[in-house]
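Let's take a look at this one together. Have the sequence and the 3D view open as you read.

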Amino acid sequence: MMGAGKTTVGKELARRRKARFADCDHEIVARTGVSIPTIFEIEGEAGFRRRETQMIDELTRQPDLVIATGGGVVTTPANRALMRERGIVIYLNVPPQILYERTRHDRNRPLLQVDDPRQRITELYQQRDPLYREVADLVVDGGRGNPGTMVRLIETALQTFHKSPCKP
Ligand SMILES: Nc1ncnc2c1ncn2[C@@H]1O[C@H](COP(=O)(O)OP(=O)(O)O)[C@@H](O)[C@H]1O
Ligand SMILES: O=C(O)C1=C[C@@H](OP(=O)(O)O)[C@@H](O)[C@H](O)C1
Ligand SMILES: [Mg+2]
């Protein structure tokens, strides 16, 4: 979900594992030269989702890459299939109240620029939680500690986890 810590924790996880890192949103912004809110403004959410699918396809072809997705990636069935087939997927599960606290001052998430962002987050969480679980290989409680603690939890879980992602 937005505010779960994917960008922050993903970057640190990659550093610790000496892997490369890519943030899907960051790559889309770099490619288009405009911000996420601007893409939503011009192309709508549907336009952003098309770009996201293209980018996920591109990124998941690369080996040894830690990818931080955007929180809405699971809303597109094709993305869920790509993630399951090509990657080890970690769901950072964080309760809506904490997601709200972490995102309340941020203006860079167009879906939360509404009158009642707390309610919006709760609705999105309810809709998406089953989808995150559908694609996840590991579910980590992401609301319990700082990013460093999250990375250590993930590293420990990965030690006893073996999956051979398909070659794209
Ligand atoms: N485990 C954590 N504990 C406390 N704050 C966190 C944690 N993970 C991320 N944050 C903070 O929450 C905000 C959102 O994090 P971010 O990595 O952008 O989330 P996402 O990419 O999942 O939307 C940032 O201000 C970040 O510093
Ligand atoms: O949850 C979503 O639908 C979105 C999450 C954002 O990424 P973060 O999860 O990194 O905030 C970004 O992709 C866009 O604003 C839409
Ligand atoms: Mg992010």
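Which residues come nearest to ligand 1? Of the 13 residues around ligand 1, they are Gly5, Lys6, Thr7, Thr8 and Arg102. Being around a ligand means having a C-beta atom, placed from the backbone, within 6 Å of it.

**Before going on**

This is a predicted model, so local features need pLDDT of at least 70 and side-chain atom pairs count only at pLDDT 80 or more, while totals for chains, interfaces and linings use all residues. Residues are numbered from 1 along each chain as its sequence is written, and chains are lettered from A and ligands numbered from 1 in the order in which they are written.

**Around ligand 1**

Helix α1 (6-17) and helix α7 (147-159) each supply at least two residues of this shell, and α1 gives the most, with four. Helices here are DSSP runs (H or I, at least four residues), numbered from the N terminus.

Threonine 7 lies in helix α1. It's also part of the shell around ligand 2, along with residues including Lys6, Asp25 and Arg109. In an unreviewed UniProt entry, the annotation "binding site" covers Thr7; such annotations may be inferred rather than shown by experiment.

Threonine 7 counts as partly exposed because it has 18 C-beta neighbours inside 10 Å (20 or more would be buried, 12 or fewer exposed).

**One face of α5**

In helix α5 (residues 96-103), Pro96, Leu99 and Thr103 are buried. Seen down the axis of α5, the buried residues fall within an arc of 60 degrees, so they line one face of the helix. The arc is that of the directions from the helix axis to the C-beta atoms.
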